[in-house]
Amino acid sequence: MRKPSANPARSRSGQSAATAETFPDQSYLAFLRPVPRPFLRFTSGHFPTGTRTTPHSHPCLALHGCLQGPLTLVTPEAEHALDSGVFYLIPPGVRHHWVSTGRQTAATLGLLIDADQPGQWPQPSGVATGCRRLQQLAVGLRRFSVVGDRDLQHSFWLAADHLTAEQAREPLVTTGVLLTLLGQIIERLESAPAARPPREDIAQQIRRLLLLHVHEQLSIDEIARQISVSPTRAKQAFRQAFGCGIIAYFNQLKIWQAKRLLCDASLSIQQVSDHLGFASPAYFCRVFVQQAGETPSDFRRSAIDDLAAADGAPPPS
């Protein structure tokens with residue numbers, strides 16, 4: 001897997017191979033949740049490897065973050081490398097597009113914010129005032145990372161959980177999560193005009209290792225040995241950064257890949273299980289139910305029905 005540059009913004013004067021080649025746009029909308037103003041669209045997009053999207057812009061502020069990378073955000077001035085837990089605040093009218101050249105499907109969190117028309121919130125809520133302040137502070141592209149920032153980390157991943165939940169969460173709670181995230185962004189813009197990218201730490205090394213070996217079996221001891229730390233240190237660092245255990249996160253990555261593979265009707269459940277390094281199809285099914293809330297067979301049936309409906313053809317009997 002290609003390691004992102006230490007500098008998150010790279011000049012486009014010498015166009016890289018990631019943008020020089022012509023890639024098809026294979027991206028698709030994976031999740032969409034209704035939200036009240038000042039939020040407009042709360043979405044997650046998936047970007048299979050080899051994808052380059054069409055350049056576009058938004059008439060309002062846009063928060064674009066990475067749930068699973070690596071992924072490159074391209075603007076007229078530079079290329080910006082994103083990995084899990086990194087997001088950008090993009091001013092209105094800035095043209096941008098995505099390039100995915102990693103070894104797995106990348107995923108984003110997207111939130112549009114209409115600061116001009118924040119909605120009918122009472123004055124004491126501070127929503128309208130916060131939106132005006134955000135407009136003043138959001139000058140140019142602003143980068144954020146949740147690594148080393150516990151409050152921002154909690155809010156970002158909690159928002160991701162609400163977005164990608166199989167069953168929609170309580171709308172009031174989701175709105176509260178997004179407002180908290182918005183408030184934290186404003187606080188950080190006021191205290192640090194330009195957030196600096198963090199150094200790669202133990203948790204990020206582990207995550208990259210998991211992404212690289214998503215089709216294999218790995219134990220905690222093997223992971224710790226490969227990055228030269230103790231198993232205890234590896235587990236502590238990863239949970240602090242990502243809020244979950246290493247194996248739980250590894251299984252989540254595998255299930256993301258499983259969902260893509262299950263859309264291929266030519267592959268059996270056992271073949272998908274074997275391809276992703278599960279010890280047995282039974283264990284694969286158990287993990288899949290835990291992560292997705294349904295069996296692999298049920299997911300495949302729904303996915304095939306959805307594809308057939310989109311094509312206007314009757315689902316297979």
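A: Let us start with a hairpin: strands β6 and β7 form one, with three residues between them. The model is a predicted one, in which local features need pLDDT of at least 70 and side-chain atom pairs count only at pLDDT 80 or more, while totals for chains, interfaces and linings use all residues. Residues are numbered from 1 along each chain as its sequence is written, and side-chain values use heavy atoms, with hydrogens and water left out.

Q: What makes β6 and β7 a pair of strands?
A: Two strands pair if DSSP finds at least two bridges between them; four bridges join β6 (residues 71–74) to β7, and the two run antiparallel.

Q: Why is β7 called mostly covered?
A: Buried means under 20% relative accessible area, exposed over 50%, and partly exposed in between, with a 1.4 Å probe and protein chains only. In β7 (residues 78–82), four of the five residues are buried.

Q: Why is the pair of Phe47 and Trp98 called tilted?
A: Rings of Phe, Tyr and Trp (its six-membered ring) pair if their centres lie within 6.5 Å, and planes under 30 degrees apart count as stacked, over 60 as edge-to-face and the rest as tilted. For Phe47 and Trp98 the centres are 5.9 Å apart and the planes stand at 50°, so the pair is tilted. Phe47 lies in strand β3 (residues 39–47) and Trp98 in strand β9 (residues 97–100), so the pair ties together parts that are 51 residues apart in sequence.

Q: How do you know that Phe47 is buried, and what places Trp98 in that class?
A: Phe47 has a relative accessible area of 6% and is therefore buried, and Trp98, at 4%, counts as buried too.

Q: Which part of the chain has the lowest confidence?
A: By pLDDT, the predictor's confidence in each residue from 0 to 100, helix α1 (residues 17–20) is lowest, at a mean of 38. Where pLDDT is low, the predicted coordinates should not be read in detail.
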